[in-house]
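This report walks through one protein model, from its overall make-up down to single residues.

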Amino acid sequence: NQVRIYGRRVGIVEKLEPHENPATGKLTAIVYLKLEKHAGPLPANTTMEVESVSTIGLKYLELKRGHARRTIPTGGTLPVSQAREPVVIQDFFNMFNKQTRIAIQQNTNTFGDGLAGRGLGLNNTIHELRPLVNGAVPVLHNLAAPQTGWGQLWRALDKAAIQVAPVAETQATLFRELATFFRTWAGAAPSLERTIAGGPVALRQAIHSLPFEEPVIAQTTEFFRLLRPSAALLKTVAGPLGHALAVGAVNLRAGAALNAQLASALQALELFSTNPVVLLGLEEFTRTAQLGTPLLEGIAPAQTNCNYITTTFRNLANLLAESVGNGTVTRVTPILSPTGPNNEGLPASVPANGGSEDVNANTHQVIPDNYLHYNPYPYVGGPGQPKECEAGNMQYAAGRSVIGHTTTLGSEYEKTKRSENLFGETYPASQLKEFPKEATSKGGKQ
């Protein structure tokens, strides 16, 4: 029950308590020590080891000071990880159990049989080993030197064996599986040899080909990403698609005859395309398109944005077709321009901007109708213009002349589609269901 440091008694073991780790179930002993004052303080990395006094089993606790600056306070605790478990004489003799003794007997007999009749060979071997032994002396001196750490090697091996022991069965299974793997690998050796022999050529070809394949792989990836929504619809269109392929096979057979005729047509097209007159015509057509592009850019919005061109032709057709008694709408009485200075009916020096000389018969006031309102180029949403239809949306400004664009703008225009131009006409109630819903609601008319 003594506690020693480097063989010198420094205290006693006061008591022992068993302790079971609830997580692992491992049993350890909690040792309570009483140390003399001159033994402390002990560094925090001090280790413990149970040593034997004699072969009869008497033991003591050996403390080995560490080198840490931090020390263990009074009442402190050393963890079990700093306690070492030495090999005692009982453990040594326990090695020689019945199975081990039988194995030693068998080994002794086998070694004896192996050495029988080999005396001369053993003598020659011993003679040859003498230079080795002489050369091993300095090697052994180096191993025994403290700087070599030969003792630390065995302690490290002991720690490694302790760590490996719980997974010994797993390691044995690993080696069995490795044996199976390498046995199979050995059977595939000829194929591996042929693969390795062709590897350099394949790698050189891959170095050359892979840069060209990279764009294809990237485009294929993007293609399948875009194809994913369509592929989800295949389960509903697979039937019609199969029918289309079956019918398409018939058309493809007919297309073979068309291809034969297409060759002669392409030859004729080639002759046509190389004709100098055709090339000259294409050049002139290109110039015409270049010159006409600005004109079309200005005219196109008048129709696409404001429907002006279609409305003009519709109104012209109405003028020439609708009857008002004796003739069409075009036979109307002209309205004379208002009187006054610079009016529209006579030559003028400035735009009309004054009252009329006509006097209201009831109030005897000058009628304010001699003012010019003119917009030569209304907005239609063309290049550089606001998105609006100015013609037809300009409000009359009474009492002043307006030339050019107005401040009151709009984007409304008259629609000429049949489905949107049913106002002012009467239809039987039985036919209302055939027309769009808005045809019976706009303007409150049916």
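Of the 446 residues in the protein, 14% count as buried, meaning under 20% relative accessible area with a 1.4 Å probe and protein chains only. This is a predicted model, in which local features need pLDDT of at least 70, side-chain atom pairs count only at pLDDT 80 or more, and totals for chains, interfaces and linings use all residues. Numbering runs from 1 along each chain as its sequence is written, and side-chain values use heavy atoms, with hydrogens and water left out.

The protein has eight helices and 10 strands. These are DSSP runs, numbered from the N terminus: H or I of at least four residues for helices, E of at least two for strands. The protein exposes about 35500 Å², and carbon and sulfur atoms supply 62% of that area; the areas come from the Shrake-Rupley method with a 1.4 Å probe. Among contacts with a separation of 6 or more, 43% join residues 24 or more positions apart. A contact means heavy atoms within 4.5 Å.

**The disulfide**

There is one disulfide in the structure, defined as a pair of cysteine sulfur atoms within 2.5 Å. Cys306 and Cys389 form it. Both cysteines are buried.

| Property of Cys306–Cys389 | Value |
|---|---|
| Distance between sulfur atoms | 2.0 Å |
| Angle about the S-S bond | -95°, left-handed |
| Separation in sequence | 83 residues |

Cys306 sits in the loop between helix 7 (276-304) and helix 8 (308-321), and Cys389 in the loop between strand 9 (373-374) and strand 10 (402-403), so the link ties together parts 83 residues apart in sequence.

**Helix 7**

Helix 7 bends by about 40° at Gly292. The bend is the angle between axes fitted to the seven residues ending at a residue and the seven starting there. At the helix start, a side-chain oxygen of Asn275 comes to within 3.0 Å of the backbone nitrogen of Val277. The buried residues of helix 7 are Val278, Gly292, Pro301 and Ala302. They pack against helix 6 (189-273) and helix 8.

**Helix 2**

Helix 2 (residues 98-115) has 18 residues and spans 26 Å from first C-alpha to last, close to the 26 Å expected at 1.5 Å a residue. The expected span is 1.5 Å times one less than the number of residues. Just after helix 2, Gly117 has a positive phi of about 75°.

**Thr46**

Thr46 lies in the loop between strand 3 (27-35) and strand 4 (47-52). Its relative accessibility is 0%, so Thr46 counts as buried. A polar atom of the Thr46 side chain is 2.7 Å from the backbone oxygen of Pro43. Beyond neighbours within four places in sequence, Thr46 contacts Leu63, Lys64, Arg65, Gly66, Leu78 and Gln82.

Technical notes
Buried means under 20% relative accessible area, exposed over 50%, partly exposed in between (1.4 Å probe, protein chains only). A polar contact is a pair of N or O atoms within 3.5 Å; within protein, one must be able to donate a hydrogen and the other to accept it, and residues adjacent in sequence count only if both atoms are side-chain atoms.
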